[in-house]
Each structure stands twice: as structure tokens, then as C-alpha cells.
Amino acid sequence: MKPWSVPYPKFGAGDGLARVTAIAGRLGHDLTKFGAQAAVIVGSNGKGSTASMCASLLEQAGGPVGLFTSPHLIDLNERFRIDGEDISDAELGRHWSAVTKAARTEGLSDKLGGFEFLFLIAADWFAARGCAFTVWEAGLGGRLDPVRLIAARQLALTSLDLEHTALLGDTLEAIAREKIAAAPKGARLFFGESPLRACIEAQARAQGVQAACVAPAPDAPFAGAHQRINAALACALARAIAPLEDAQIKAGLAAARWPGRLEQLQADPLVIIDVGHTPGGVAAARAG
């Protein structure tokens, strides 16, 4: 794979939702058209695992399934997948150029953020390939995150932790509110049992969102007890978007792959890697 280097800073200048909408419009996309058949995942830990399982489940329903995640382990291409396959360098180059040109035409090149740029590439690619379903992992938060523009009808909130407090707030309640704000009125938000349940349900009510608490799944395709709730969230999302039989759920979970999450590299001596980087993520890895 080509060593891609994003030519924009991590964060853009101020609120980026208007400029992302403008650039998407220049590309010919109404981002809300993804919403009815899309899943958006917000939270602090477990977003990527939940997103990958959800995409694998939706593949059982037929039709191309687009998956946008971050960060990547090795190649930037990993962030963009359709039916489990990373975007090729050739396709990434085409959509990279298209988004760059659209941003320049709109006069927004000096304001665009790196995550916004990659989000737009994903939207452009998924639309070009006619994806029947799309799954989007939020970057930071939700209120100002580009995934909010998808207007997804089905969202999941994974576990919460104190992270990026300068942007999201210095309490778990504040962080929860920021992330739930990605959900549009009338959407459904799935979450696992949490000490923050009352806060989550109150924020959902305030936004006109239906909150649904799910129990952990009996098992999960990835190691760690914490993955059982991620699997439950993925199943809830996928079933809400597409009519899936129990056999399809079983097959979809079995086919899911997501490297670097309590992944065993060798048995003797035992070597396990995990990418958890927040206190809660590290604790879950140690417990798993």
C-alpha cells in the first residue's frame, strides 16, 4: 500500500459541519441519504470492534456494505472498507483528488480538518460504489463530528471514559451528552448497562431519541468479556437496519475480523497485543 499522508491538520478551524456539508454538496452528495440504512457508533472504547461486527452482520443481508473507521493500524486504506476489503490505492487516489478539488473550489482548503477530509472520501467512495448499507465510527464526540451529518436512524453508544476532556468535558456525564448529540430526533440509540444510564436516557429524551439498553451477548468473536456488550450492540444495530435471521447473525459474527484487540500473536511465550489507550480500555484488556 502507498504511504498516504493527510495534508490537513487533525482538527479544522472551528465548527466543521457547515464546510463538510458544502464540500459534500460540491461532490453531489446529500449526506442524509445514507441515514436510513446507516449505523453510527459513538463512544470512548469499543467503537471499532462494534462497527466491524455490525458491518460483517450487514454483509449477510446482501448488497455492498461500507465501513469507515479510525485510526488505522498500518495502512490508511484500512479506514475505508467495502464488504471487508480495504480501498485500493487507485480508488483512494481518485476520491482523494475529488475531495481535494471540491474543498478548493468551495474555498475551504485552509479550514478543513484531517478527519473531515477522510470522512468525505468515505462518503464519496460509498456513494460511487452504491453501498446498500454503511457503518460509520465517530472520531471525537458526536455533536460536532461529521458522522452527525449522516442523520443515522440507528446509533450505538459504546463504553465511556475520560478522554479528550478539553474538547468533550471533564466529566463522564458531559462526554456522554456530547457523544449522544450525534443522534438526530426520532433516531434510536442502543447502549449497554452503565452507571450513566439515567444520564444517557435523559439526554436521549431531551433530543427526542429512543434509548434502548441491551444485555451482553452470550459470546463474541473477539476475546475479552467487554466484547460481549459490543457484540450485542452490533447485533441490535444490524437487526434494526436489515431483517436478519439467527443463522445470519451467527455467520456474520463468526466472519468478523478486527486485529489488535486482545489479539494473540504467539502461544509460547504468550504474546497478546491490544490497542486500548484510555484507563477504561487498559482495564478491560487486563480483565480480558
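Visitor: How does the radius of gyration of the chain agree with that of a compact globule?

Guide: The radius of gyration is taken over C-alpha atoms, and the globule rule is 2.2 Å times the number of residues to the power 0.38. For 288 residues a compact globule would have a value near 19 Å; the chain has 18 Å, which agrees. Its C-alpha atoms fill a box of roughly 50 × 45 × 40 Å along the principal axes. This is a predicted model, in which local features need pLDDT of at least 70 and side-chain atom pairs count only at pLDDT 80 or more, whereas totals for chains, interfaces and linings use all residues. Residues are numbered from 1 along each chain as its sequence is written, and side-chain values use heavy atoms, with hydrogens and water left out.

Visitor: What percentage of the residues of the chain count as buried?

Guide: Buried means under 20% relative accessible area, exposed over 50%, and partly exposed in between (1.4 Å probe, protein chains only). By that criterion, 52% of the 288 residues are buried. The chain exposes about 12,700 Å², of which carbon and sulfur atoms supply 53%; such areas come from the Shrake-Rupley method with a 1.4 Å probe, and for residues only the protein chains shown count as cover.

Visitor: How many helices and strands does the chain have?

Guide: Helices (H or I, at least four residues) and strands (E, at least two) are DSSP runs, numbered from the N terminus. Here there are 10 helices and 10 strands. Contact means heavy atoms within 4.5 Å; among contacts with a separation of 6 or more, 69% come from residues 24 or more positions apart.

Visitor: At what angle do α3 and α4 cross?

Guide: Axes are lines fitted to C-alpha atoms, for helices over the stretch in contact, and angles run from 0 to 180 degrees between N-to-C directions. The axes of α3 (residues 89-105) and α4 (residues 114-128) cross at roughly 115° and come within 9 Å. A crossing is left-handed if the near helix is turned anticlockwise from the far one by less than a right angle, and right-handed if clockwise; that of α3 and α4 is right-handed. Among the residues that meet are Trp96 and Val99 in α3, and Phe117 and Trp125 in α4.

Visitor: How do α1 and α4 pack?

Guide: Helix α1 (residues 17-27) packs with α4 at an angle of about 30°, the axes being 11 Å apart, and this crossing is right-handed. Arg19, Val20, Ile23, Ala24 and Leu27 in α1 meet Glu116, Phe119, Leu120 and Asp124 in α4.

Visitor: Which residues of α6 are buried?

Guide: In α6 (residues 172-180), they are Ala174, Ile175, Ala176, Glu178, Lys179 and Ile180. Their cover includes β1 (38-42), β6 (154-157), α5 (165-168), β7 (188-192) and α7 (197-207).

Visitor: Where does Pro71 lie?

Guide: Pro71 lies in the loop between β2 (65-68) and β3 (80-82), and the peptide bond from Ser70 to Pro71 is cis, with omega near -5°. The bond from Asp268 to Pro269 is also cis, with omega near -5°; Pro269 is in the loop between β9 (263-267) and β10 (270-273).

Visitor: What is the phi of Asp83?

Guide: Asp83 has a positive phi of about 50° although it is not a glycine. Asp83 lies between β3 and β4 (85-86), in a loop, and is partly exposed, with a relative accessible area of 36%. His164, also not a glycine, has a positive phi near 50°; its loop runs between β6 and α5, and its relative accessible area is 35%.
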